[in-house]
Amino acid sequence: PIRTRLRELQIDSATRALENARFTFGETREDLIEQVNQSYNSLKINEQRLSTLETSLDIAREALHVSELRYGKGSITVDELLSSQTALKNARQSLIAAKTAYLTTSQSFLQTTGKLLATYRPDLIKEYQIPWPKSM
């Protein structure tokens, strides 16, 4: 009777531990899915920003070209020409910042999805028997 009761308590304890582990696994899985989604969304936003700023740089280049032509004809002041040059410089700086943000976000996405690990440390994938989908 005492051994039977002890065995029942051990089974109950193990059952609760298993339920807690399943719950924790579910929460961790949901958190990971949310992280991947956030990382992907950030990547797409930075990708769009990069495209927009590349267009802005092209526009600033063209505006400077027009300003140089107009300045050569005497139809604008040196201040207006300098303003176009400043706009081009600012567009270049914004594009550089956007490229940096994009690369950082790309690395974050690769890390979140595990692709970074697979790329640089495939030995860990094998050593720890991490399941790796064939589609990735």
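**A helical protein and its nonpolar core**

The protein contains four helices and zero strands, and along the sequence its pattern reads α-α-α-α. The structure discussed here is a predicted model. Of its 136 residues, 18% count as buried. Among contacts between residues at least 6 apart in sequence, 59% join residues at least 24 apart.

The pairing of helix 1 with helix 2 is considered next. Helix 1 spans residues 2-72 and helix 2 spans residues 78-113. Their axes come within 8 Å and cross at roughly 160°. Angles over 145 degrees count as roughly antiparallel, and helix 1 and helix 2 are therefore roughly antiparallel to each other. The crossing in which helix 1 passes helix 2 is left-handed. The residues of this contact comprise 21 nonpolar, 14 polar and seven charged.

The largest nonpolar core consists of eleven residues: Leu50, Leu53, Leu57, Ala60, Leu64, Ile76, Leu81, Leu88, Ala91, Leu95 and Ala98. Helix 1 and helix 2 are the elements that give two or more residues to this core. In soluble globular proteins, nonpolar side chains tend to be buried together.

Leaving aside residues up to four places away in sequence, Leu81 touches Leu64, Ser67, Glu68, Tyr71 and Ile76.

How values were computed: Residues are numbered from 1 along each chain as its sequence is written. This is a predicted model: local features need pLDDT of at least 70, side-chain atom pairs count only at pLDDT 80 or more; totals for chains, interfaces and linings use all residues. Side-chain values use heavy atoms; hydrogens and water are left out. A nonpolar core is a set of buried Ala, Val, Leu, Ile, Met, Phe, Trp, Tyr and Cys residues joined through side-chain atoms within 4.5 Å. Buried means under 20% relative accessible area, exposed over 50%, partly exposed in between (1.4 Å probe, protein chains only). Contact means heavy atoms within 4.5 Å. Axes are lines fitted to C-alpha atoms, for helices over the stretch in contact, and angles run from 0 to 180 degrees between N-to-C directions. Angles under 35 degrees count as roughly parallel, over 145 as roughly antiparallel, 65 to 115 as roughly perpendicular and the rest as oblique. A crossing is left-handed if the near helix is turned anticlockwise from the far one by less than a right angle, and right-handed if clockwise. Ala, Val, Leu, Ile, Met, Phe, Trp, Tyr, Cys and Pro count as nonpolar, Asp, Glu, Lys and Arg as charged, and the others, Gly among them, as polar.
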